[in-house]
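Have a look at the picture first, then read on.

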Amino acid sequence: MRFMMIVKASKDSEAGVMPSEELISAMGKYNEELMKAGVLLDLSGLQPSSKGARIKFSGGKRTIIDGPFPETKELIAGYWIIQVKTRGEAMEWAKRAPAPHEGQDGEIEIRQFFELEDFAPSAAIGRARELGKELEKKGKER
């Protein structure tokens with residue numbers, strides 16, 4: 001099972017305040033634990049929403065909305081993608097993460113990915129499997 005552990009943004013992360021060396025070190029140690037356990041698939045921090053944009057779909061039209069976005073509690077500051085056997089194991093890993101925002105309340109949301117096996121067989125699912133194989137092949141070529 002794949003899960004995304006989503007680090008919610010804070011006022012500081014949205015202001016572009018970089019984490020301290022202490023937090024970077026703690027995150028590095030945690031990331032090494034994930035890697036050594038063989039569960040880490042991907043991870044990254046995200047730039048503030050002031051450097052982002054949203055595409056809004058409404059009435060058949062697309063509208064670009066440039067950041068920043070006002071609702072900090074709804075924004076993402078970073079993530080990990082892990083592969084574990086159970087939801088409980090994902091929860092345990094999330095509980096072990098360093099507090100994401102020093103001196104502030106923080107939150108990590110856990111969401112399970114859909115897997116192709118969750119869907120009934122169809123031509124579209126078959127094509128999705130082919131695309132997955134192509135992506136995997138391209139990843140190995142890099």
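Helices (H or I, at least four residues) and strands (E, at least two) are DSSP runs, numbered from the N terminus. The expected span of a helix is 1.5 Å times one less than its number of residues. Keep in mind that this is a predicted model, where local features need pLDDT of at least 70, side-chain atom pairs count only at pLDDT 80 or more, and totals for chains, interfaces and linings use all residues. Residues are numbered from 1 along each chain as its sequence is written, and side-chain values use heavy atoms, with hydrogens and water left out.

Start with helix H2 (residues 21-36): its 16 residues reach 22 Å from first C-alpha to last, close to the 22 Å expected.

| Group in H2 | Residues |
|---|---|
| Buried | Leu-23, Met-27, Tyr-30, Asn-31, Leu-34 |
| Exposed, on the face turned away from the buried side | Glu-21, Glu-22, Lys-29, Met-35, Lys-36 |

What do the buried residues of H2 pack against? Their partners are strand E1 (2-8), strand E2 (40-45), E5 and helix H3 (87-96). Zooming in on Leu-34, you'll find that it touches Val-39, Leu-40, Trp-80, Ile-82 and Trp-93 (contact means heavy atoms within 4.5 Å), leaving out residues up to four places away in sequence.

Finally, hop over to the loop between strand E4 (61-66) and strand E5 (76-83), where Pro-68 sits. The peptide bond from Gly-67 to Pro-68 is cis, with omega near 10°.

Key. Buried means under 20% relative accessible area, exposed over 50%, partly exposed in between (1.4 Å probe, protein chains only).
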